[in-house]
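Trainee: I have a model open in my viewer and would like a close look at just one part of it. Could you pick a helix and walk me through its surroundings?

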Amino acid sequence: HLNDVGSGKNTKRPNYKKLWDYVGIGKIKFIVASELSRLSRNTFDFLELLKHCEKNGVDVMIIGLNLDTTIPFGKAMVTILVSLAQFEREMTST
């Protein structure tokens with residue numbers, strides 16, 4: 001059980017690094033996040049995490065989103081949503 005506190009602004013978070021490693025070594029089977037933006041507010045970083053999870057058989061579940069990221073529609077929708085989260089972060093940080 002990893003609990004990451006803070007923003008999904010970037011991947012420079014100790015527990016994000018642990019999560020990445022756990023996915024890679026098969027220590028976990030799924031990731032549950034309260035919101036998409038808690039995992040990442042960067043489209044590239046999120047898609048890299050999603051690809052890493054797919055490669056290692058790890059499901060990604062976002063509470064409140066009923067999207068299957070293993071099919072094209074679900075993948076497209078989360079890409080749009082994380083792009084909007086990145087846009088919001090960029091707009092509020094200037």
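Mentor: Gladly! Let's take helix H3, where Thr43, Asp45, Phe46, Leu49, Leu50, His52 and Cys53 are buried. Keep in mind that this is a predicted model.

H3 covers residues 43–55, which makes 13 residues. From the first C-alpha to the last, H3 reaches 18 Å, close to the 18 Å expected at 1.5 Å a residue. As for what lies over the buried residues of H3, the cover includes helix H1 (14–25), strand S1 (30–33), helix H2 (36–39), S2 and H4.

Now look at the two ends. Asn42 counts as buried because its relative accessible area is 19%, with the cut-off set at under 20%. Just after H3, you will find Gly57, with a positive phi of about 70°.

S2 spans 59–62 and H4 spans 72–92, and the loop between them holds Ile63. In contrast to the buried Asn42, Ile63 is exposed, since its relative accessible area is 57% and exposed means over 50%. Ile63 belongs to a nonpolar surface patch with Phe30, Val32 and Met61. Together these four residues have about 390 Å² of accessible area.

Note on methods
Residues are numbered from 1 along each chain as its sequence is written. This is a predicted model: local features need pLDDT of at least 70, side-chain atom pairs count only at pLDDT 80 or more; totals for chains, interfaces and linings use all residues. Side-chain values use heavy atoms; hydrogens and water are left out. Patches are made of residues with over 30% relative accessible area and no salt bridge: like charges are joined within 9 Å, nonpolar side chains (Val, Leu, Ile, Met, Phe, Trp, Tyr) within 5 Å. Accessible areas come from the Shrake-Rupley method with a 1.4 Å probe; for residues, only the protein chains shown count as cover. A salt bridge is a side-chain nitrogen of Lys or Arg within 4 Å of a carboxyl oxygen of Asp or Glu. Helices (H or I, at least four residues) and strands (E, at least two) are DSSP runs, numbered from the N terminus. Buried means under 20% relative accessible area, exposed over 50%, partly exposed in between (1.4 Å probe, protein chains only). The expected span of a helix is 1.5 Å times one less than its number of residues. Contact means heavy atoms within 4.5 Å.
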